[in-house]
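Take a first look at the fold before you read on. Trace the chain from its start to its end, then follow the tour below.

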Amino acid sequence: MTPVTNSNPDMFRQAMTCFASGVTAVTTREVGVPSGLIATSVCSLSIDPATVLVCVNKTASAHDVILRTKFFAVNLLSAEQTPVAKHFSSSRGADRFDKGLWKDGATGSPTLIDAVVVFDCNLIAVHDGYTHSILVGQVQSVVVNEDIATDCLLWHRHGFAQSSSSPV
């Protein structure tokens, strides 16, 4: 197969689907109303202080809510939580929280009780990322659910997949 070197937006979008990324529910709460989105552009930034990066589309309904509240939680989903991810993606507003068991985290953000990992963060910086905002969150608390299935839910080639718990 001959490699394609085209750099148009559709080719770039297609190429990015080759990256397998963890599926997270990024959540916040404003005046008692939960808000959130599914995000796959999440990574660690620093250990000291503990910080994470989350890239959020500026058109996402939770984008401005996170900017106003200045806090959010990153909930890493397990493969068994595919129904939660699908419901979260297809619902709007507070209806997204109808599936799964949620409780308030340290910042007041909704956290998924049986997520693989939860990072509860204060928003400390926002950077322009063209169509997205790059959010920097300082981690206030971390929950690691070691008893939860170890296969993380992934987004790969326009669909959900799961990681293998067997090391390479």
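The paragraphs below go from the sheets to the cores, and then to the helices and rings.

This is a predicted model, in which local features need pLDDT of at least 70, side-chain atom pairs count only at pLDDT 80 or more, and totals for chains, interfaces and linings use all residues. Residues are numbered from 1 along each chain as its sequence is written, and side-chain values use heavy atoms, with hydrogens and water left out.

Some terms come up at once. Helices (H or I, at least four residues) and strands (E, at least two) are DSSP runs, numbered from the N terminus. Two strands pair if DSSP finds at least two bridges between them.

Start with the sheet of 7 strands. In what order do the strands of this open sheet stand? The order is β3-β2-β6-β9-β10-β5-β4, and the pairing is antiparallel. β3 and β4 (42-47) stand at the edges. Each has a single partner strand, so one side of each is left without a neighbour in the sheet. Neighbouring strands are turned by 35° against each other on average, direction ignored. Such angles lie between axes, which are lines fitted to C-alpha atoms (for helices over the stretch in contact), and run from 0 to 180 degrees between N-to-C directions.

Now look at the pairings. Strand β2 (residues 24-30) pairs with β6 over 4 bridges, in the antiparallel sense. There, V26 has V74 of β6 as its bridge partner. β6 is also joined to strand β9 (residues 117-129), by 6 antiparallel bridges. L76 stands opposite V117 in β9. Further along, 7 bridges join β5 to β10, again antiparallel. C55 has I134 in β10 as its bridge partner.

Is strand β6 mostly covered or mostly open? Strand β6 (residues 71-76) is mostly covered, with 6 of its 6 residues buried. Buried means under 20% relative accessible area, exposed over 50%, and partly exposed in between (1.4 Å probe, protein chains only). Both faces of β6 are covered. F71, A73 and N75 are buried on one side, and F72, V74 and L76 on the other.

Next come the cores. A nonpolar core is a set of buried Ala, Val, Leu, Ile, Met, Phe, Trp, Tyr and Cys residues joined through side-chain atoms within 4.5 Å. The largest one has 14 residues. Among them, V26, L37, V54, I66, F72 and L135 touch the most other members. The elements that give two or more residues to this core are β3 (33-39), β5 (50-57), α2 (61-69), β6, β9 and β10 (132-144). β5 gives the most, with 3 residues. A second, separate core has 13 residues, including A25, F88, A115 and V118.

L37 is worth a stop. Contact means heavy atoms within 4.5 Å. Leaving aside neighbours within four places in sequence, L37 is in contact with T24, A25, V26, V56, A60, A62, I66 and F88.

What do the helices do? α2 packs on the sheet of 7 strands. α2 touches β2, β3, β5, β6, β9 and β10, and its direction makes about 55° with that of β2. Helix α3 (residues 82-90) lies across β2 and β3, running at about 110° to β3. Helix α1 (residues 9-16) has 8 residues, and the number buried is 0, so α1 lies largely in the open.

Now turn to the rings. Rings of Phe, Tyr and Trp (its six-membered ring) pair if their centres lie within 6.5 Å; planes under 30 degrees apart count as stacked, over 60 as edge-to-face and the rest as tilted. The structure holds 4 aromatic pairs. The rings of F88 and F97 have centres 5.2 Å apart and planes at 75°, so this pair is edge-to-face. F97 and W102 have ring centres 4.8 Å apart and planes at 70°, so they are edge-to-face too. F88, F97 and W102 form one aromatic cluster. Both F88 and F97 are buried, and F97 has a relative accessible area of 11%.

Finish with the sheet of 3 strands. This open sheet has the order β1-β11-β12, with antiparallel pairing. β1 (21-22) and β12 (159-162) stand at the edges with a single partner strand each, so one side of each is left without a neighbour in the sheet. Strand β11 (residues 153-156) is joined to β12 by 4 bridges. L153 has Q162 of β12 as its bridge partner, and H156 has G159. β11 and β12 form a hairpin with 2 residues between them. In the turn, R157 has a positive phi of about 50°.
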